[in-house]
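Visitor: Could you walk me through how the helices sit against each other here, and on what grounds the labels are given?

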Amino acid sequence: MNYTERAIINGLQGGFPVCERPFLAAAEQLGLSEETLINGLRCLLDNETLSRFGPMYHAERLGGALSLVAMEIPAADFDRVADQVNAFPEVAHNYARDHALNMWFVLATEKPERKDWILGEIERETGYRAYDMPKLAEYFVGLRLEV
Amino acid sequence: MDDPILLDETDRRIIRATQSGLPLVPRPYHVIAEKLGLTADEVMARIEDLIEFGIIRRIGAVPNHYKLGYTANGMTVWDVPDEQVDVLGKRIGALDCVSHCYHRPRYLPQWPYNLFAMVHGRSREEVEAKANTIAGLLGEHNRAHTILYSTRILKKTGLRIGD
């Protein structure tokens, strides 16, 4: 990774300006030209070093519900249940984890009441309990990766 | 703090238009405005309001931590007294190695943990060293903890919001 890429990743994890020429303003802060910054961002997105560039939204403040849900699924049923869970478009991320509760997914719904309905459907379709773990308090959200 | 804020249709259109990211052009807000039939000033003013109200957390780049070598991602979970969780959570959330920190419900007996802190590292050893730092901060309030590593990504899509 070269100097420019490192500067972009470390310097642009937040605080991108809202103005007529935001890339120019951000580039000046990083000691780059506007064109170098735009091209650098395009490369980092194309080669998937960055997964996204833009505004990060706070889902609950948009009126929806966001929750983390855990399930305990025997190995023999794991792939079937993963397919059934993933089929809901409201399931955003789903990870296998090394614990008795071995399936963990994020459920994001536009309307809070829809969350309970989907959890009920998931339990009915899969035959396993879904442990709903919504956040009760948030202490920090952000990513501070130095490269 | 998390009361929904009333957004109008124009806000929602701006949210939809920027969910997959900002256009990589010198005047990105002008491009969004043109697409939506608004003025650039209006788009910028509304985005500034969305930031002010906390609906936009921030504008920036989201690194793909796997690509950057942070391949060990541990969800560290802790059982701490409920009366202490807010004070302790703020302390843990302030650590540089923690990307998300939340209070979540327990499900006894199988799930005693009420404090979640996501820790990213280049190896499990690094994650464990960081978990030790957290354990040190929690001291006697840490009644039990474990680290759940992700072993497989089963699904990963962007959040669809504002539809």
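What follows is a short chat about a predicted model.

Visitor: Let's begin with chain A. What makes α1(A) roughly perpendicular to α3(A)?

Guide: Helix α1 (residues 3–11) and helix α3 (residues 34–46) of chain A pack at an angle of about 85°, and their axes are 10 Å apart. Angles of 65 to 115 degrees count as roughly perpendicular, so α1(A) is roughly perpendicular to α3(A).

Visitor: And which residues make that contact?

Guide: On the α1(A) side you have A:T4, A:E5 and A:I8; α3(A) brings A:T36, A:L37, A:G40, A:L41 and A:L44. Sorted by class, the contact of α1(A) with α3(A) has four nonpolar residues, three polar and one charged.

Visitor: Over to chain B, then. Why is α2(B) called roughly perpendicular to α3(B)?

Guide: Look at the crossing: the axes of helix α2 (residues 28–36) and helix α3 (residues 40–52) of chain B cross at roughly 110° and come within 8 Å. The range for roughly perpendicular is 65 to 115, so that label goes to α2(B) and α3(B).

Visitor: Which residues meet there?

Guide: B:Y29, B:H30, B:I32 and B:A33 from α2(B) meet B:A40, B:E42, B:V43 and B:M44 from α3(B). That contact of α2(B) with α3(B) comes out as six nonpolar, one polar and one charged.

Visitor: How is chain B divided into domains?

Guide: Domain 1 covers 9–52 and domain 2 covers 72–149. Taken over C-alpha atoms, the centres of these two domains of chain B are 37 Å apart.

Note on methods
Residues are numbered from 1 along each chain as its sequence is written. Chains are lettered from A and ligands numbered from 1 in the order in which they are written. This is a predicted model: local features need pLDDT of at least 70, side-chain atom pairs count only at pLDDT 80 or more; totals for chains, interfaces and linings use all residues. Axes are lines fitted to C-alpha atoms, for helices over the stretch in contact, and angles run from 0 to 180 degrees between N-to-C directions. Helices (H or I, at least four residues) and strands (E, at least two) are DSSP runs, numbered from the N terminus. Angles under 35 degrees count as roughly parallel, over 145 as roughly antiparallel, 65 to 115 as roughly perpendicular and the rest as oblique. Two residues are in contact if their C-beta atoms, placed from the backbone, lie within 7 Å. Ala, Val, Leu, Ile, Met, Phe, Trp, Tyr, Cys and Pro count as nonpolar, Asp, Glu, Lys and Arg as charged, and the others, Gly among them, as polar. Domain bounds come from an automatic or database domain assignment.
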